[in-house]
Amino acid sequence: MVDSVFIGLSIITVGSAILSLESRELLYGGIALAISMLGIAGYFIILDAPFVAMFQIAVYVGAVAVLIIFTVMLVRAPNTVTKKETRKRKIAGILLGLGFLVMAGSILGNSTVTQLKFNENAPVFDVQAIGKGLLTYYSPVLIVLALTLASAVIGALALARREDIEERNEPTN
Amino acid sequence: MGSLTPDFRFGNFVGSIVWLVFVVLALVTLLILPIIFFVLFYVPLPEVDGEVLTPYLFFSMMVDPSRTLPVVQFFIHTDLFRAAIFPGFGFAALIAAATIFIERKLLAKMQLRVGPLYAGKVEGIFQLLADGLKLLTKEIIVPSGSDKPIFWLAPIMFVSTAAAVVALIPVADGWVVADVSVGLIAAFAILGFFPLIALLFSWSSNSKYPFIGGLRALHQMIAFEIPFFLSALPVVILSSSLNLTEIARSQNLFMNIFILPINAFVFFISSLAELERIPFDLPEAESEIVAGWLTETTGMLYGLIQLGSYLKLYALAGLFVVLFLGGWSGPQIFPPELIPGAHDSNLPLLQMLALDGLYNPVTVNSIFWFMIKTIIVILLMLIIRGINPRIRIDILLHTGWYKLIVLTFINLFIVLMLIYGGVIGPGGLISIR
């Protein structure tokens, strides 16, 4: 059962990822990216981590994909991608990719990853444990991340602010 | 003979009926019977009371009153029934349909109009049926320059996303389609799809009014998503769970709205904005941009989006009830037995009438109170539509970003103070559990 779900998810995720790269229409590429991110959320659900899965959906599909698609709509130019590939380049690319896959596969196959087994005593998923962990052991990381995000937002505001239209845009109400 | 057509012939009439009967018989023998046999051969039948449910057993159970109720009970507790009929899609769609009719009638009465009047003789009760038939039979016009796949898929996506939110709402203890441990975050994550769908649909219409409407929908939903999310945060802190069933169960002493009135207000306002209802219906502002992002919809595409938005209305009202109004808790008003003494009597028909074994007073009571509260919230949303004008977009964004977000924090700090002061929460003076 899980295997069929896994295979289906893999087909959706990898297929839409390839589609998002290969699609000539940029908007379809953005949609395919969103579907690919949904597939990744599906992996998290299979891995018994619904909390991460929901945040994956909320952040990547609900925010990042919307942002990308919105940007694509604003700068919509039909021929941003010029076709440069020739037959030789295509074959070379495929060979290179296959070579990399074989190499990575052989390295992975000889590593200890293959000897890992499923841990039967794995702790049951618990949101409260995540919350406790975030506020105790991982609190410095959380604070640093929050500061990074805050500085990013402040930087974006400082960059986007235009003082020349400030005066005309008097109090909104 | 005034109502009949002048060239009416009785012979032709009888002939047409005979022809109809023949066609039905031919269909039954050629199509339906093979399908039934195929299903009986290949589909494994479920077990009821330790016996395999063959058609013979099924029919004998249907005839025998004392054996009918277990079968019904078995079907009520299947997942398919839950997803498709009771707490799931069918139930929500019924409420959505009722809401559409009540909204039209209520607004009409509020504005001294009559509303739907002719279909169905009595106060136009069949207006909805007529509208539905009209939408089903109308031609779907796809604009020539539109992006066809997205244009066709977006309304279906809209309905299915709304149904996915509905699936998370518990109507009674254990009566929920998907009892997810992170139900609240799941609801917010799924609600995050709507701006994407509105934007894509408005873009695919290839027309300027839909696109303006879609951009407005995007701005509005993203501006109100943050206060929407934040206003549910103290609820999670109070009940220390993200599961919606647990959140509702944790309010058996007092409803959250007594501790979190400001947050309930913010949640209500944000859900109005999320639903694009007046006063926040800028994406569909009909006096400015025709019908906003729905301008190019026709026929059943419009019907689907309408169904989806009313499903969403029910889902958000249900979410409000679960988060702030204590879910299904309420005084027990249903008797322990529908007909007193039916369980001990040996009359099968009486037992069947009393729904013996099927009728659970606690569950029925829970569903009753949940429905009452949800209907009150829905009516509140409808009344606001009747008495408010549409607000300007800059005021809307200002409200969302500056005012509501700040308002949510007031109650959050109050709750934290109460918890750390030892008044509520685990181990407090008023313990929730």
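A residue counts as buried if 20 or more other C-beta atoms, placed from the backbone, lie within 10 Å of its own, exposed if 12 or fewer, and partly exposed in between. Helices are DSSP runs (H or I, at least four residues) numbered from the N terminus.

This is a predicted model, in which local features need pLDDT of at least 70, side-chain atom pairs count only at pLDDT 80 or more, and totals for chains, interfaces and linings use all residues. Residues are numbered from 1 along each chain as its sequence is written, and chains are lettered from A in the order in which they are written.

**Exercise 1.** Find what covers the buried residues of helix 9 of chain B.

*Solution.* Start with the buried residues, among them B:Phe193, B:Trp203 and B:Ser204. Next, look for contacts (C-beta atoms, placed from the backbone, within 7 Å). The cover includes helix 3 (50-74) of chain A, together with helix 7 (148-166), helix 8 (183-191) and helix 10 (208-231) of chain B.

**Exercise 2.** Is B:Asn206 exposed, partly exposed or buried?

*Solution.* Go to the loop between helix 9 and helix 10 of chain B, where B:Asn206 sits. Then count: 15 other C-beta atoms lie within 10 Å, so B:Asn206 is partly exposed. Finally, note its positive phi of about 55°, although it is not a glycine. Most residues other than glycine have a negative phi.

Key: Helices (H or I, at least four residues) and strands (E, at least two) are DSSP runs, numbered from the N terminus. Two residues are in contact if their C-beta atoms, placed from the backbone, lie within 7 Å.
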